[in-house]
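Please keep the sequence and the structure open while reading.

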Amino acid sequence: MDFYYLPLSAPCRSVIMTAKALGIELNKKLLNLFEGEHLKPEFLKINPQHTIPTLVDNGFALWESRAIMIYLVEKYGKKDDPLYPSCPKKRALINQRLYFDMGTLYKSYADYAYPQFRENKPADPELFKKFETALEFLNTFLSQSKYAAGDCLTLADLALLASVSTFDVVQMDLKKYEHLWRWYSMLKETAPGADENWAGCLEMKKYFKK
């Protein structure tokens with residue numbers, strides 16, 4: 001299956017880790033957004049929203065990283081796969097963490113950091129407070145279980161790991177969040193595809209330094 005991506009993108013990295021956990025080989029197609037490759041007619045035919053990551057599986061095109069992650073488990077995972085189990089309550093908790101990552105945690109980081117990187121604007125202390133609040137929420141979630149959504153690795157961990165490793169590589173202070181740091185220290189080198197995730201983080205760091 002074809003996978004359109006950029007290594008420095010946290011959502012792309014979360015899909016890569018999911019595929020690794022499932023033993024799936026992705027035909028990776030680098031899409032350079034900085035050169036406008038996502039706006040070319042051939043890609044717009046695949047994804048009119050022209051976003052990454054985008055997956056094409058035997059003619060079926062899908063984008064939005066969390067939707068792709070769920071699709072991969074439901075199609076290629078084991079029956080009642082622990083990454084995204086069939087139990088409605090377990091699945092609901094994983095979904096909550098995924099939506100939290102998308103709508104609160106990573107969004108608060110992007111709102112704070114991207115204007116500095118992209119527009120050379122000064123840091124906004126109020127936006128930083130919102131980001132810290134999101135980290136505190138995650139720390140609280142992780143005080144309740146070994147993993148992000150229970151006692152075993154799930155899609156929630158892979159999505160959150162992609163985000164938190166991004167914060168780490170740009171030297172956000174994560175050690176002050178006891179439970180978050182315990183969880184991150186456990187997963188940053190042992191999660192499926194952790195090495196490729198970190199390599200992508202380092203690419204992102206180089207880009208932002210420019």
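**Note on the helix pair and the sheet**

1. The crossing of α4 and α5 is left-handed, a term used when the near helix is turned anticlockwise from the far one by less than a right angle. Helices here are DSSP runs of H or I with at least four residues, and strands are runs of E with at least two, numbered from the N terminus.

2. This is a predicted model, in which local features need pLDDT of at least 70 and side-chain atom pairs count only at pLDDT 80 or more, while totals for chains, interfaces and linings use all residues. Residues are numbered from 1 along each chain, and side-chain values use heavy atoms, without hydrogens and water.

3. Helix α4 (residues 88-119) packs against helix α5 (residues 125-142) at about 150°, with the axes 8 Å apart, where axes are lines fitted to C-alpha atoms, for helices over the stretch in contact, and angles run from 0 to 180 degrees between N-to-C directions. α4 is therefore roughly antiparallel to α5, the word for angles over 145 degrees.

4. The contact (heavy atoms within 4.5 Å) includes Phe100 and Tyr109 of α4 and Phe131 and Leu138 of α5.

5. An open sheet has four strands in the order β2-β1-β3-β4, with mixed pairing; two strands pair if DSSP finds at least two bridges between them. Because β2 (27-30) and β4 (60-63) each have a single partner strand, one side of each is left without a neighbour in the sheet.

6. Strands β1 (residues 2-5) and β3 (residues 54-57) run antiparallel and are joined by three bridges, and Tyr4 has Thr54 of β3 as its bridge partner.

Conventions. Angles under 35 degrees count as roughly parallel, over 145 as roughly antiparallel, 65 to 115 as roughly perpendicular and the rest as oblique.
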